[in-house]
Number of protein chains: 2
Amino acid sequence: MTLEALCDEGDIILVEGPTYFVFLSILQSRGIKARGVKLEHDGIDLSHLENVLTRLKKSGELSRVKALYLVTYFQNPTGATTSLAKKSATLKLLKQFERAAGHPIYLLEDAAYRELRFDHGEDVPTALTLPGAGRVIYTGTYSKPYAPGARVGFGILPEPVFTVVQRIKGNHDFGSANLLQQLLARALESGLYDKHVAKVRKNYARKARVMKLALAEHFPASVEIWESGGGLYFWARLPDGISAGVKSKVFQSALKADVLYVPGELCYADDPSRTKPDNEMRISFGSASEENIREGIKRLGAVLRKALAR
Amino acid sequence: MTLEALCDEGDIILVEGPTYFVFLSILQSRGIKARGVKLEHDGIDLSHLENVLTRLKKSGELSRVKALYLVTYFQNPTGATTSLAKKSATLKLLKQFERAAGHPIYLLEDAAYRELRFDHGEDVPTALTLPGAGRVIYTGTYSKPYAPGARVGFGILPEPVFTVVQRIKGNHDFGSANLLQQLLARALESGLYDKHVAKVRKNYARKARVMKLALAEHFPASVEIWESGGGLYFWARLPDGISAGVKSKVFQSALKADVLYVPGELCYADDPSRTKPDNEMRISFGSASEENIREGIKRLGAVLRKALAR
């Protein structure tokens, strides 16, 4: 709905590379172009963001840039969390390019996994707490931390985006399902929500530990693993030249062994200025049992050892 | 979602005059033009539909016409139900113009109020039962007859619209709220749904009788009332020259008396070839208590008597 409010066909949204692949599909369905900014363990590469913006300015495309989309907590697909310092520097950088753009450039902060933090580590404040919060569109959900079947979320939007999105929402659904909102409100009020989220966090933290041990045991040492302090995913990077893409031997062999991962290449924007890395994989421990996590990583490890031995 | 699948900006959707006003707002938000077809007690005026299509053909706009939207059961706002004969004739007529249009012209059958039939009267078969059903997009909902807070509906769509709408839905919500679908599925399986719908129908039938008696007692005889065999609405037409529009004395006086109706003019397309009637009103007995229905109609009747006496 925010994209419908901000963008015309042909507009540009900046995204992390890699980013949440469903978001790329939403952009594509609206004829919006995505441009990727390199992602590091603590958020986007700021000098790359500056390069991208500068290049777009030079090519005359800056007027089409409407927002930067970041999944700031335990990102899907990498598990990376954006530091507060990077959020702050990002807002400043976007602001610098607004004059040349001729309009606001928003920071769309998707905090879907924020509450799925494992025991260790502190919550990072949102971009809403920073100077420049007037350009922040923040979205949260109760689905991931509490009830995937309820699908209730929320947004915190600055004017004039708020009013426009509200109208668009009216035309999308003429109102959310009241029953679900009531259920969530009761759960939040009664403390049931917090209790359940604590349980869910423990569960995921345990599954993450199981997966970490299995990865250490079964994956070749040359595979780089991104570890996360929360969320649902590990991110693995194979040595250069070994493809894990949709058409790769690795992916096809994994499927034959009944193991599914998300090929990393699906998480990159179609970007004329960069080729997509195809040697990465998102590995999820969200819904699998501990036993299946162990067995799945064992099988995937065998596939990788074979590919690397070639 | 169907409109997103079928239409580009500037396309044309034919609608009943009057039609469901929220649908007009959806069209407007997508930059789609609406063209009205006169509505009679048993559905649209077929010769007017032919006139409208012929005129659009002559003006070279037929290629922009993508569908005709009909609320076929106990229509919002008039309560009118489209006869099977008119559905059949409508499908034939649309088919005749397809060659000149250069693409399919769909019949979008919104059956939201279908189950809210009072005791008397038979259910009319849908356009899906007719030859030409390959051009019918049928939508239903469980909200109106069963649970307004659940907001679960469904569509029956022909290919290739089905596949496209499915993709669009994925990009809108990435899946419906499973919990609500489960609730509805259990209610349907267990018979609870049918039991509750029967109760809801009786309730609305009783409220409709209460309103009908109140209208007979309090409304001036010169006001034409459309009576319905189901749904949630009466439709009232004041004598020519007496406005019931948003800015009218009648509407303002009604509001002052704490009575709200939907001004009929809101239910007509912005149509350069027709001026909107402003002497009509949708009166709902859906959520008001019997006592409030009696009192509301009494107050509205007083407002109308005063307006007519001038």
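I call a residue buried if 20 or more other C-beta atoms lie within 10 Å of its own. With that in hand, I opened this predicted model and started my notes.

**Entry 1: chain A as a whole**

By that count, buried residues make up 41% of the 310 residues in chain A. I listed its secondary structure next and got 10 helices and 11 strands. The radius of gyration came out at 20 Å, close to the 19 Å of the globule rule for 310 residues, so chain A is as compact as a globular protein of that length. Along the principal axes, its C-alpha atoms fill a box of roughly 55 × 55 × 35 Å. I also looked at the contacts with a separation of 6 or more: 68% of them in chain A join residues 24 or more positions apart.

**Entry 2: two domains**

I took the domain assignment for chain A, which gives domain 1 as 2–186 and domain 2 as 195–309. Their centres, taken over C-alpha atoms, are 25 Å apart. The contact draws on 28 residues of domain 1 and 26 residues of domain 2 in chain A. Which elements give two or more residues to the domain 1 side? I found strand 1 (12–17), helix 2 (21–29) and strand 2 (33–40) of chain A. Strand 2 gives the most, with 3 residues. By class, this side of domain 1 has 14 nonpolar, 10 polar and 4 charged residues.

**Entry 3: the two copies**

I laid chain A on chain B and got an RMSD of 0.0 Å, with a turn of 180° and a shift of 0.0 Å along the axis. The two copies are thus related as by a two-fold rotation axis. In chain A, the C-alpha nearest that axis belongs to A:Leu180, at 4.1 Å. The same surface serves both copies, as 100% of the contact residues of chain A recur in chain B.

I then turned to the interface, where 15 residues of chain A are in contact with 15 residues of chain B. On the chain A side, the elements giving two or more residues are helix 2, helix 6 (161–173) and helix 7 (178–190). Helix 2 gives the most here, with 4 residues. I sorted the chain A side into 8 nonpolar, 6 polar and 1 charged residues.

**Entry 4: a sheet**

I traced an open sheet of 4 strands in chain A, with the order 8-9-11-10 and antiparallel pairing. Strand 8 (224–226) and strand 10 (262–263) stand at the edges with a single partner strand each, so one side of each has no neighbour in the sheet. Strand 8 pairs with strand 9 (residues 233–237) of chain A over 3 bridges, in the antiparallel sense. There I found A:Trp226 opposite A:Trp235 of strand 9.

I checked the peptide bonds and found a cis one joining A:Gly17 and A:Pro18, with omega about 10°. A:Pro18 lies in the loop between strand 1 and helix 2 of chain A. From B:Gly17 to B:Pro18 the bond is also cis, with omega near 5°.

Next came positive phi. A:Phe74 has a phi of about 45° although it is not a glycine, and it sits in the loop between strand 4 (65–71) and helix 4 (84–96) of chain A. Is A:Phe74 buried or exposed? It counts as buried, because it has 25 C-beta neighbours inside 10 Å. B:Asp258, also not a glycine, has a positive phi of about 65°. I placed B:Asp258 in the loop between helix 8 (249–256) and strand 10 (262–263) of chain B. With 10 C-beta neighbours inside 10 Å, B:Asp258 counts as exposed.

Methods
Residues are numbered from 1 along each chain as its sequence is written. Chains are lettered from A and ligands numbered from 1 in the order in which they are written. This is a predicted model: local features need pLDDT of at least 70, side-chain atom pairs count only at pLDDT 80 or more; totals for chains, interfaces and linings use all residues. Domain bounds come from an automatic or database domain assignment. Two residues are in contact if their C-beta atoms, placed from the backbone, lie within 7 Å. Ala, Val, Leu, Ile, Met, Phe, Trp, Tyr, Cys and Pro count as nonpolar, Asp, Glu, Lys and Arg as charged, and the others, Gly among them, as polar. The radius of gyration is taken over C-alpha atoms; the globule rule is 2.2 Å times the number of residues to the power 0.38. A residue is buried if 20 or more other C-beta atoms lie within 10 Å of its own, exposed if 12 or fewer, and partly exposed in between; C-beta atoms are placed from the backbone. Copies are superposed by least squares on the C-alpha atoms of residues with pLDDT of at least 70 in both. Two strands pair if DSSP finds at least two bridges between them.
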